[in-house]
Each structure stands twice: as C-alpha cells, then as structure tokens.
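Here's a quick briefing for anyone opening this structure for the first time. Have a look at it below, then read on for a tour of a few spots.

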Amino acid sequence: GKVLSYSYPQDSSYVGQSESWLWNPPNSQITEVPVANGTNIFCSGHALQPGGKLVSFGGTDPDSPQPTFWGQAEVNRFNSTSQVWSLRTTMSQARWYPTVRTLGDGRLLISSGIDGNGDGNDEQEIYDPSNSTMSQLPSSANRYTTLYPWQYLLPNGRVISLSNGAN
C-alpha cells in the first residue's frame with residue numbers, strides 16, 4: 001500500500017493550502033497530490049472510509065491571526081484509487097482540531113474543535129458519505145470538549161466522549 005501525508009504549508013508557493021504527498025514504499029516514489037481548492041487541511045479531523053477514501057473535516061484557516069488559529073469548514077476527500085482530493089461539502093461550523101467518529105451505519109460524527117472566530121465549538125454534526133451531506137444534531141446535544149476528545153462507539157450505538165473538558 002501507499003502512505004498519504006500532509007503538512008502545514010512549508011513552501012511559500014503553497015500559500016494557504018496544505019502540502020500533500022503520496023509515498024509508494026516498494027519503489028520509494030513520492031508523488032505530490034494537491035489538496036482540493038487549495039484547502040489547508042492541517043489540524044483537520046479525519047476518518048478512513050471503505051474503499052480507501054480518507055475524509056478530512058476542517059483544518060487551519062490561512063487568515064488566522066497568529067499566534068492563534070481558527071478553523072475552516074471544508075470537507076475534503078482523498079480517493080486512493082484516483083489519487084485525487086475533492087471538495088465534498090462544507091460544515092455548518094468551521095473546525096480546527098475536531099474529532100471524527102465513524103458510527104455503526106457508516107455516517108460520521110464531527111465534534112469539538114475551534115471555530116472560525118477562535119472560540120470552542122460545541123455543535124455536533126453528522127456527515128453522510130453516501131451523498132456528501134451534513135446535518136446538525138439538536139442543540140440539546142451541544143457539548144464543548146477540549147480539542148480532539150477521545151470518542152468510542154459503544155455496542156448499543158451510543159458514543160462516549162472522554163476529555164478533560166468541563167462538560
């Protein structure tokens with residue numbers, strides 16, 4: 001198999017977007033795979049889907065006032081067969097350092113992160129990879145946890161979230 005990696009832009013020619021590379025270990029070949037629409041997926045949440053598709057949620061807004069960081073709302077997918085990134089949709093809230101958990105039915109729960117204003121994001125969203133749509137959970141499900149909370153899918157279909165946050 002091949003190894004996908006991406007980073008914060010290190011080269012000035014990548015202004016505002018992540019550098020992304022695919023490494024083929026048997027022949028040591030490294031191929032650049034540009035991220036869709038110049039998105040900066042560094043500090044995004046991600047989940048591996050069947051068929052070798054990696055879905056990335058949010059990332060670093062290139063206009064963040066340094067030294068703080070703001071999130072962005074893009075949802076991108078890497079197709080390992082075509083070796084191409086594509087923009088799928090956007091979330092209702094920008095997210096920097098969110099957690100993504102695959103649910104029992106294949107949909108993805110997106111939680112936490114820093115929004116587009118530098119504030120903690122307490123909204124929970126669901127991504128359906130079958131049609132690339134987003135939906136928000138009711139406000140009664142809103143909980144802010146620290147960045148990248150650990151989440152586990154329980155046998156009964158519920159999700160437990162562990163963090164050092166107050167909620």
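Let's start with Ser 44, which is buried, at a relative accessible area of 1% (buried means under 20% relative accessible area, exposed over 50% and partly exposed in between, using a 1.4 Å probe and protein chains only). This is a predicted model, where local features need pLDDT of at least 70, side-chain atom pairs count only at pLDDT 80 or more, and totals for chains, interfaces and linings use all residues. Residues are numbered from 1 along each chain as its sequence is written, and side-chain values use heavy atoms, with hydrogens and water left out.

**Around Ser 44**

- Ser 44 sits in the loop between strand S3 (29-32) and strand S4 (45-49); helices (H or I, at least four residues) and strands (E, at least two) are DSSP runs, numbered from the N terminus.
- Its side chain has a polar contact of 2.9 Å with the side chain of Ser 56, and another of 3.4 Å with that of Tyr 6.
- A polar contact here is a pair of N or O atoms within 3.5 Å; within protein, one must be able to donate a hydrogen and the other to accept it, and residues adjacent in sequence count only if both atoms are side-chain atoms.
- Not counting residues up to four places away in sequence, Ser 44 touches Tyr 6, Ser 56, Phe 57, Gly 58, Gly 59, Pro 98 and Tyr 148 (contact means heavy atoms within 4.5 Å).

**Nonpolar cores**

- In soluble globular proteins, nonpolar side chains tend to be buried together.
- Which residues make up the largest nonpolar core? There are nine of them: Ala 47, Val 55, Phe 57, Val 75, Met 91, Val 100, Leu 108, Ile 110 and Tyr 127.
- Strand S5 (53-57) and strand S9 (108-111) each supply at least two residues of this core.
- A nonpolar core is a set of buried Ala, Val, Leu, Ile, Met, Phe, Trp, Tyr and Cys residues joined through side-chain atoms within 4.5 Å.
- Leaving aside neighbours within four places in sequence, Met 91 is in contact with Phe 57, Gly 58, Gln 72, Ala 73, Glu 74, Val 75, Ile 110, Glu 125 and Met 134.
- There's also a second, separate core of eight residues, among them Val 33, Val 35, Leu 54 and Trp 85.

**A nonpolar patch on the surface**

- Trp 150, Tyr 152, Leu 154, Ile 160 and Leu 162 form a nonpolar surface patch, with about 500 Å² of accessible area together.
- Strand S12 (150-153) and strand S13 (159-162) are the elements that give two or more residues to this patch.
- Patches are made of residues with over 30% relative accessible area and no salt bridge, with like charges joined within 9 Å and nonpolar side chains (Val, Leu, Ile, Met, Phe, Trp, Tyr) within 5 Å.
- Accessible areas come from the Shrake-Rupley method with a 1.4 Å probe, and for residues only the protein chains shown count as cover.
- Leu 162, in strand S13, counts as partly exposed because its relative accessibility is 38%.

**Salt bridges**

- How many salt bridges are there? The count comes to two, a salt bridge being a side-chain nitrogen of Lys or Arg within 4 Å of a carboxyl oxygen of Asp or Glu.
- Glu 125 pairs with Arg 95, the closest N and O atoms being 3.2 Å apart.
- This pair links distant parts of the chain, 30 residues apart: Glu 125 is in strand S10 (residues 125-128) and Arg 95 is in strand S7 (residues 84-95).
- Both Glu 125 and Arg 95 are buried.
- Asp 105 and Arg 107 form a salt bridge at 2.7 Å, N to O; Asp 105 is exposed at 52% relative accessibility, and Arg 107 is partly exposed at 30%.

- Thr 133 is in strand S11 (residues 133-136) and is partly exposed, at 36% relative accessibility.
- The side chains of Thr 133 and Asn 131 make a polar contact of 2.6 Å.
- Ser 132 is in the loop between S10 and S11, is buried at 12% relative accessibility, and has a positive phi near 55 degrees although it isn't a glycine.
- Ser 28 also isn't a glycine, yet has a positive phi of about 60 degrees.
- Ser 28 belongs to the loop between strand S2 (19-24) and S3 and is exposed, at 52% relative accessibility.
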